[in-house]
Amino acid sequence: MQKLLVDEIYKSVRGVTPNTAASDGAEVTISGWIRTNRSNNNIGFISLNDGSCFNCCQVIYESNKIDNYTDITKLLTGCSIEVTGKLVMTPGAQQPFEINASSVVLLGSCDADYPLQKKRHSLEFLREIPHLRPRTNTFMAVFKVRSLVSQAIHEFFHDEGFTYIHTPLITGNDAEGAGETFTVTTRDDGKYEEDFFGKHACLTVSGQLHVEPFALAFGKVYTFGPTFRAENSNTAFHASEFWMIEPELAFADLKDDMACMEKMLKFVIKSVLDNAPDEMKFLNDFVCEKHDLIDKLTKVVNSDFRAITYTEAIDYLLKSGRDFEYPVEWGIDLKSEHERYICEQVVGGPTFLIDYPKEIKAFYMRVNDDGKTVAACDLLVPGVGELIGGSQREERCDVLVNKMQELGIPQEDLQWYLDLRRFGGVKHSGFGLGLERLLMYVTGVSNIRDVLPYARTPRNLKF
Ligand code: 4AD
Ligand code: MG
């Protein structure tokens with residue numbers, strides 16, 4: 001008798017990792033949580049999930065032949081049990097194997113008011129119980145994919161020779177200059193000079209400014225961590241705490257930056273399709289409304305992303321004949337409705353939008369020769385809108401200083417950042433990928449609250 005994970009049995013049965021302990025007729029023990037338990041006269045069936053893989057294991061019992069436990073038919077959904085029995089291969093059946101139980105031990109009983117009963121629950125209902133929803137198929141798939149995407153991102157950058165840098169979460173600056181920060185304080189009187197750090201401190205909105213110095217030492221670096229925005233946007237695409245991947249590449253211009261975005265995205269998507277086939281099939285069939293998730297992602301891996309300029313995008317929008325909620329003219333900051341029209345209706349796939357008006361973008365973006373636009377690039381994807389925001393950085397010290405003056409950004413606060421332009425400065429570029437937006441794209445989930453383990457959004461902080 002050997003303790004096994006359900007995943008080990010599946011891998012053995014599928015020939016991925018053959019394991020004699022998981023062969024036909026072997027005595028095995030598994031532990032998990034009951035999804036369903038139904039019985040008919042003497043014969044019962046338990047669908048058991050141990051979390052090691054998406055699939056459940058079917059346990060069959062004859063209630064009068066079970067040791068250790070007499071009232072097995074009364075075990076409720078949600079109970080945790082340990083089952084010992086004979087592994088039986090069932091080729092051709094819906095499940096490739098089952099366990100004929102000889103012993104079932106109750107590990108943890110489950111009260112009758114357990115909210116996850118055998119019926120489909122709405123995502124809104126499940127959002128109210130973030131501590132229990134990981135036990136449902138949808139969230140088991142989503143959070144496994146979240147883990148695999150994170151690993152694939154590290155693998156990609158590692159393979160490409162990037163160094164992983166941990167940038168601080170507590171900072172003295174507001175990188176994007178949008179003033180949407182959460183203050184970190186130990187006082188309630190707002191006297192920041194007397195506060196913990198002796199000055200105003202906040203949670204980071206982006207690791208970019210802190211990672212750039214490392215790019216000018218290591219060449220290729222990235223940071224991957226939580227970021228915080230006190231942006232009062234109550235949409236399906238904004239969270240107050242989200243994770244961002246921010247690579248920074250020295251000696252690279254905007255084209256190199258875009259090539260990196262495209263290669264990374266294709267690598268990550270391919271990795272998820274290869275490594276989470278069961279989860280992806282479930283998401284395709286039960287979460288994605290049009291059931292074309294796997295098709296769509298496979299196409300993305302095999303396509304070339306199109307790039308169009310902001311000015312061309314404005315032309316498309318003006319010629320669209322659509323009545324957008326927010327009126328279109330050159331110079332506007334594109335809203336989600338515009339971004340989605342461009343990537344969904346005009347291009348029909350991931351779209352690089354480049355060369356935005358400088359007035360609507362951050363101070364550090366490199367001014368183009370036309371003096372009006374900056375070497376910025378957003379990657380837009382159907383269903384989500386902006387997935388990535390990036391740019392070539394302004395490496396010309398005088399141009400950057402002028403820009404900061406125009407915008408009223410105090411030079412003394414960012415002298416360290418300007419130093420990078422004085423001490424061996426080079427052209428460099430980078431971008432920020434929102435992990436949750438990527439997960440929405442990859443899983444087909446339509447609300448950001450459902451790809452975060454514990455979502456933080458305006459007026460919502462559970463536990
Ligand atoms: O476009 P953003 O604001 O860019 C930056 O922060 C740059 N410093 C990145 C860089 O060049 N290193 O944010 C980057 C991405 C967005 O494209 C979006 O995917 C995600 O972060 N994002 C959010 N995701 C969830 N909730 C929010 N409130 C988000 N704000 C931005
Ligand atoms: Mg952006």
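This is a predicted model: local features need pLDDT of at least 70, side-chain atom pairs count only at pLDDT 80 or more; totals for chains, interfaces and linings use all residues.

Student: Which order do the strands take in the open sheet of 3 strands?

Tutor: In general, strands of a sheet pair through backbone hydrogen bonds, either parallel or antiparallel. Here the order is S8-S10-S9, and the pairing is antiparallel. Strand S8 (170-171) and strand S9 (183-184) are the edge strands, as each of them pairs on one side only.

Student: How many bridges join S8 to strand S10?

Tutor: There are 2 bridges between S8 and strand S10 (residues 201-203), and these strands run antiparallel. If you want a spot to look at, find Thr 171, which stands opposite Cys 202 in S10.

Student: Now helices. Which residues of helix H1 are buried?

Tutor: For this, you need a cut-off: buried means under 20% relative accessible area. In helix H1 (residues 6-13), the buried residues are Val 6, Asp 7, Ile 9, Tyr 10 and Ser 12. They pack against strand S2 (27-40), strand S4 (57-62), strand S5 (80-89) and strand S6 (97-108). Just after H1 comes Gly 15, with a positive phi of about 80 degrees.

Student: What about Lys 263: where is its place?

Tutor: Look in helix H5 (residues 254-275). Exposed starts over 50% and buried ends under 20%, with partly exposed in between. Lys 263 counts as partly exposed because its relative accessibility is 47%. Leaving out residues up to four places away in sequence, Lys 263 touches Phe 156 and Glu 160. Glu 212 is 51 residues from Lys 263 along the chain, and their C-alpha atoms are separated by 21 Å.

Student: Let's turn to the ligand. Which residues come nearest to ligand 1?

Tutor: Of the 23 residues around ligand 1, the nearest are Glu 176, Gln 208, Arg 229, Glu 246 and Glu 386. An N or O atom in the side chain of Gln 208 is 2.7 Å from a nitrogen atom of ligand 1. Glu 386 has a polar side-chain atom 2.6 Å from an oxygen atom of the ligand. Phe 431 uses its backbone: an N or O atom there lies 3.3 Å from a nitrogen atom of ligand 1.

Student: How much of ligand 1 does the protein bury?

Tutor: Taken alone, ligand 1 exposes 630 Å², and the protein buries 93% of that. Strand S12 (241-250), strand S16 (385-392) and strand S17 (428-434) are the elements that give two or more residues to the shell. By class, this shell has 9 nonpolar, 7 polar and 7 charged residues.

Notes
Residues are numbered from 1 along each chain as its sequence is written. Chains are lettered from A and ligands numbered from 1 in the order in which they are written. Side-chain values use heavy atoms; hydrogens and water are left out. Buried means under 20% relative accessible area, exposed over 50%, partly exposed in between (1.4 Å probe, protein chains only). Helices (H or I, at least four residues) and strands (E, at least two) are DSSP runs, numbered from the N terminus. Contact means heavy atoms within 4.5 Å. Two strands pair if DSSP finds at least two bridges between them. A residue is near a molecule or strand if one of its heavy atoms lies within 4 Å of it. A polar contact is a pair of N or O atoms within 3.5 Å; within protein, one must be able to donate a hydrogen and the other to accept it, and residues adjacent in sequence count only if both atoms are side-chain atoms. Accessible areas come from the Shrake-Rupley method with a 1.4 Å probe; for residues, only the protein chains shown count as cover. Ala, Val, Leu, Ile, Met, Phe, Trp, Tyr, Cys and Pro count as nonpolar, Asp, Glu, Lys and Arg as charged, and the others, Gly among them, as polar.
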